Amino acid sequence: MTSSKRVQDRSKNKRIRPLEIAAEKWKIFSKMKFLMEILRKEPEMVIPVRSLDQYRKQINLPKPHKMSDFIRKSPKLFELCKDKNGLLWCGMTEEAEDLLEEEERLLEEHSDKAAEYVTRCLMMSVDKRLPLAKIAHFRRDFGLPLDFRTTWVHKYPELFRVVKCKEDPELEYLELVTWNPKWAITELEKKVLGVTEAGPDHTPEMLSLPFPLKFPPEYKKVYRYGGKIEHFQKRAYLSPYADARELKAGSLEFDKRAIAVMHELLSFTLEKRLVTDHLTHYRREFVMPQKLMRLLLKHFGIFYVSERGKRFSVFLTEGYEDSELIEKRPLVLWREKVLSLSGYRGRKKKIQSFSDLSELSDMENKDPLEDDSESVNTSIQFEQAETIESLEDASFADDDEME
């Protein structure tokens, strides 16, 4: 529990440093992945470096920092080359292209599970439908493919369908087609009962399951709120899949059900983490309070709000052991593979020219792992080391979170 109203008002002792490191790690991945997706959309998967300036805000690269210097920091993912006119181009290495092919395969394998999560979100919503644009916010978090809005949503007509809004034809909704009682069970219930799904006659109702709590070892004030926490844990609440129209806003039952909804949404995500802005977009659809951030901050043992950047992230604390995810799905392992190839501390290398055919040929045939000793050590450990140093400061970098 916390009495502070704003994230920045919390003391240093309430920060969970391992989760701050995790937040920084996923931000680094987001930048790398964003650049890879930009390149993938290009016909030859190459783009002039000066054309990347329009994406400075998304990559969080303020001037006067050079885009070319940012790209050079990940030589195992991106490469730079000059054409005969001296124009600098950016492309992906063969290893990066192989990673994108691997991601497509993993997304296809994960597709059925992602369809289940989207369906369960529709089942939790008050109208059994959600704006397609809002679901797109969860695309990376749920492991949805790039063609989510155009193709993927039509692959499961037995689960959901796309409908037009009568008032605004340009607004599209994803609507539930079939209610599946086997999926109307929370992830918390599954763990407690030791099941993978509910029975065919399952009906969501009142629950009295306590939420797992995890406090940092240096947090010494838990004893002060022991009675309040115990009272909260024993209070019954309505299942996120039950109809919540009759709940009174501001009541204890209303707030606890909102916590159960947020717990369920975070359980669906690959990283057990969401940008808080994305959660607040669903307040009406999921019947949650207006002051959602205050509720997240209040229940410190269930959730942790990272203040890294202007757009905060909320973590499900039970999903992490220190800074590492406890359950790593294949797509998470793929993301860690991308991270292991990003960033290095070494000398700047000369940018090759298209006219240097012999040198380019040597570069293509060279094993990327056969590099100098400084470049070989390009793992995310360096990024984490920098993060740990930065966390020693009282103030945190105020940079933008990747959309």
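Student: What are the ground rules here?
Tutor: The model is predicted: local features need pLDDT of at least 70, side-chain atom pairs count only at pLDDT 80 or more, and totals for chains, interfaces and linings use all residues. Residues are numbered from 1 along each chain as its sequence is written, and side-chain values use heavy atoms, with hydrogens and water left out.

Student: How many salt bridges does the rule give?
Tutor: The count is 34. A salt bridge here is a side-chain nitrogen of Lys or Arg within 4 Å of a carboxyl oxygen of Asp or Glu.

Student: Which residue does Arg139 pair with?
Tutor: Glu37, at 3.7 Å from N to O. Arg139 is in helix α6 (residues 139–142) and Glu37 in helix α1 (residues 17–41), so the bridge ties together parts 102 residues apart in sequence. Helices are DSSP runs (H or I, at least four residues), numbered from the N terminus.

Student: Are Arg139 and Glu37 buried or exposed?
Tutor: Both are buried. Buried means under 20% relative accessible area, exposed over 50%, partly exposed in between (1.4 Å probe, protein chains only).

Student: New topic. What about Lys234 and Glu230?
Tutor: Their side chains form a salt bridge at 3.2 Å, N to O. They sit four residues apart in helix α8 (residues 226–234), so about one helical turn separates them. Lys234 is exposed at 60%; Glu230 is partly exposed at 43%.

Student: And Arg56?
Tutor: Arg56 bridges to Asp53, with the closest N and O atoms 3.4 Å apart. Arg56 is buried at 14%, while Asp53 is partly exposed at 34%.

Conventions:
Helices (H or I, at least four residues) and strands (E, at least two) are DSSP runs, numbered from the N terminus.
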